[in-house]
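Please look through the model below before reading my notes, which are written for someone meeting this kind of description for the first time. Each point takes up one part of the structure.

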Amino acid sequence: MKVRVLVVDDHPHAREAIGEILSDDDSFEIIGYADNGDEALLQTELWMPDLILMDIHMPGKDGLETTREIKLKYPYVKIVLITVSDDAAHLFEALKQGAQGYLLKNLEPGTWLQYLRAVASDEAPLSSELAFRILQEFPLSKKNNSADHPLTSREREILDWVAKGLTNREIAKELQISDQTVKNHLKNILQKLHLENRVQLTRYALEQGWIES
């Protein structure tokens with residue numbers, strides 16, 4: 001099954017460039033384009049994409065606000081923000097709203113495709129910078145109800161590594177298990193806690209006192 005993609009950017013040349021990048025990988029299919037936040041909402045309702053690539057800076061309703069509104073209505077949709085600068089404050093806010101990640105416009109096409117494949121398969125890791133920002137936001141653990149912990153001991157091990165920004169492959173190497181086993185554990189963890197991505201998982205675990213900052 002191809003990953004059905006909606007591209008949202010107010011610059012036509014940027015939309016065209018993104019289309020050219022994705023055309024090099026048969027696993028992606030662009031199903032529509034939008035040039036602003038309101039149109040992105042309409043296109044999402046019409047086409048129900050699997051993945052949205054969205055410029056963070058757009059006139060009117062920007063990428064942050066659009067991300068929040070789309071995730072409220074369509075939480076299953078994966079959203080990757082696209083930006084020309086690595087503005088940690090904006091990107092962190094977007095991830096808190098439910099976005100799965102971000103890409104810089106000046107990255108090589110191969111890097112784009114590798115990252116988007118990871119997002120599509122729920123394997124995109126936290127960057128070390130974002131992991132640090134999450135830890136800074138929760139300097140003290142609030143709870144530590146180990147007796148009522150819903151995760152298994154193995155899932156708690158994996159959670160610790162996720163919070164440190166490791167990829168599935170790196171976690172698999174640390175625990176001497178397969179990449180697919182890590183992926184399945186992580187999917188199970190997210191389903192148990194009703195969370196969507198690694199950012200939300202790390203924040204939730206810190207709030208609960210399951211991991212130390």
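**Notes on the model**

1. Leaving out residues up to four places away in sequence, Gln43 touches Leu6, Tyr33, Ala34 and Met48, where a contact means heavy atoms within 4.5 Å. Gln43 lies in helix α2 (residues 37–47); helices (H or I, at least four residues) and strands (E, at least two) are DSSP runs, numbered from the N terminus. With a relative accessible area of 16%, Gln43 is buried, a word that stands for under 20% relative accessible area, while exposed stands for over 50% and partly exposed for values in between (1.4 Å probe, protein chains only).

2. Please keep in mind that this is a predicted model, in which local features need pLDDT of at least 70 and side-chain atom pairs count only at pLDDT 80 or more, whereas totals for chains, interfaces and linings use all residues. Residues are numbered from 1 along each chain as its sequence is written, and side-chain values use heavy atoms, with hydrogens and water left out.

3. For the overall picture, the chain has 10 helices and five strands, and buried residues make up 48% of its 213 residues. Among the contacts in the chain with a separation of 6 or more, 67% are between residues 24 or more positions apart.

4. Which residue carries the UniProt annotation "modified residue: 4-aspartylphosphate"? In the unreviewed entry that annotation covers Asp55; UniProt positions are given in the numbering used here, feature names are shortened, and annotations may be inferred rather than shown by experiment. Asp55 is found in strand β3 (residues 51–55) and is buried, with a relative accessible area of 4%. Not counting residues up to four places away in sequence, Asp55 touches Val8, Asp9, Asp10, Gly63, Leu81, Ile82 and Lys105.

5. The next points concern charged pairs. Side chains of opposite charge can pair when their charged atoms come close. The structure holds nine salt bridges, each being a side-chain nitrogen of Lys or Arg within 4 Å of a carboxyl oxygen of Asp or Glu. One of them joins the side chains of Lys61 and Glu69 (3.2 Å, N to O), and both Lys61 and Glu69 are buried.

6. Another salt bridge brings together the side chains of Glu157 and Arg154 (3.1 Å, N to O). Both residues lie in helix α7 (residues 153–163), three residues apart, which is about one turn of the helix. Glu157 is partly exposed, with a relative accessible area of 35%, and Arg154 is also partly exposed, with a relative accessible area of 27%.

7. The side chains of Arg169 and Asp179 meet in a salt bridge as well (3.4 Å, N to O). Since Arg169 belongs to helix α8 (residues 168–175) and Asp179 to helix α9 (residues 179–193), the pair ties together parts that are 10 residues apart in sequence. Arg169 counts as exposed, at 62% relative accessibility, whereas Asp179 is partly exposed, with a relative accessible area of 32%.

8. How do helices α1 and α5 pack, and at what angle? Helix α1 (residues 12–22) and helix α5 (residues 109–120) pack at an angle of about 70°, with their axes 10 Å apart; axes are lines fitted to C-alpha atoms, for helices over the stretch in contact, and angles run from 0 to 180 degrees between N-to-C directions. That makes α1 roughly perpendicular to α5, since angles under 35 degrees count as roughly parallel, over 145 as roughly antiparallel, 65 to 115 as roughly perpendicular and the rest as oblique. Ile18, Ile21 and Leu22 of α1 make the contact with Pro109, Trp112, Leu113 and Leu116 of α5.

9. Gln176, in the loop between α8 and α9, has a positive phi of about 60° although it is not a glycine, and at 75% relative accessibility Gln176 counts as exposed. His194, in the loop between α9 and α10 (198–208), likewise has a positive phi of about 60° without being a glycine, and His194 counts as exposed at 72% relative accessibility.
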